[in-house]
Amino acid sequence: KQGSHSGPMPSGQNGLRAWARHGIPILYFLALIVWELRDITWDDLLAVELSLLTIGYMTLIVFMYVRRGPDMPLRRGDAVSRLVALLGANMLVPLTFLSVEYPQFAVAAVMGAFAGLAFSFWGVWHLGTAFSIVPEARRLVQTGPYRWIRHPLYLAGFVIGLGLLAVKFSPAALGLFIAFAVSQSLRMVNEENVLAEALPEYTEYKRRTWALLPFIF
């Protein structure tokens, strides 16, 4: 997720093409915002609060993409790593459509979603314009949760995913969660390789931080 400065902005015809490509994730997150707005259960205060937090998180991502523009990163992952990132970023979506099997875990799942989204918001706020869905290196962020862990957004995703798995547990749900965990693990490896190649200081940063959980992993 994070990436020293980015390269120059493309100009002219190249700039238009770059903005067209850059607009794809912006339109994607805007579509998710509209979807979330249409799906709000207005008579459930807890659901409304969760939806508003989700919308705020995605709005922050859109703002960071627009603010950055289609600059050239110091280094970008190859086509395979970009595909893994796109799949991994959406792997929890089909899990949300499965039926609830264990409603007794619903409160824990909602609390996990609140915690995960709040933690994600904190992480993106500190990443700022270094945020990217695909592996790209722009600068080394070492503030906020990045002081201690290298992948706080993935940690947040695991918290949300475990909550969904608890209430929807079934062979299909377990399979989707395992696919999510594998894709996120590959994303972490791919991103760290890109960052280490582009940013010499990343090796020292990696040595003194944890991947996901302080003092554990």
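**Salt bridges, helices and a surface patch**

The side chains of Arg138 and Glu136 meet in a salt bridge, with N and O 2.6 Å apart; the term stands for a side-chain nitrogen of Lys or Arg within 4 Å of a carboxyl oxygen of Asp or Glu. Both Arg138 and Glu136 are buried, where buried means under 20% relative accessible area, exposed over 50%, and partly exposed in between (1.4 Å probe, protein chains only). The model is predicted, so local features need pLDDT of at least 70 and side-chain atom pairs count only at pLDDT 80 or more, while totals for chains, interfaces and linings use all residues. Residues are numbered from 1 along each chain as its sequence is written, and side-chain values use heavy atoms, leaving out hydrogens and water.

A search of the whole structure finds 8 salt bridges. Side chains of opposite charge can pair when their charged atoms come close. Helices (H or I, at least four residues) and strands (E, at least two) are DSSP runs, numbered from the N terminus. Glu192 also forms a salt bridge with Lys206, with the closest N and O atoms 3.1 Å apart. That pair links Glu192 in helix H7 to Lys206 in helix H8 (residues 202-207), 14 residues away. Glu192 is buried, with a relative accessible area of 10%, whereas Lys206 is partly exposed at 39%. Salt bridges that share partners also join Arg68, Asp71, Arg76, Glu136 and Arg138 into one network.

Next come two helices. Helix H2 (residues 45-68) has 24 residues and reaches 35 Å from its first C-alpha to its last, close to the 34 Å expected at 1.5 Å a residue; the expected span is 1.5 Å times one less than the number of residues. At the start of H2, a side-chain oxygen of Asp44 reaches to within 3.1 Å of the backbone nitrogen of Leu46. Gly69 follows H2 and has a positive phi, near 75°. For H5, the 22 residues should span 32 Å, and the end C-alpha atoms are 31 Å apart, which agrees. Buried residues of H5 include Ala109, Gly112, Phe114 and Leu127, and the buried residues of this helix pack against H2 and H6. Just after H5, Gly128 takes a positive phi of about 60°.

Two loop residues can be followed in the same way. Thr129, in the loop between helix H5 (106-127) and strand S2 (136-137), counts as buried at 16% relative accessibility. Leaving aside neighbours within four places in sequence, Thr129 is in contact with Met64, Arg67, Arg68, Arg138 and Arg139, contact meaning heavy atoms within 4.5 Å. A polar contact of 3.1 Å joins the side chains of Thr129 and Arg139; such a contact is a pair of N or O atoms within 3.5 Å, where within protein one must be able to donate a hydrogen and the other to accept it, and residues adjacent in sequence count only if both atoms are side-chain atoms. Gln142, in the loop between S2 and helix H6 (152-168), is partly exposed, with a relative accessible area of 33%. The side chain of Gln142 makes a polar contact with that of Arg208 (2.2 Å).
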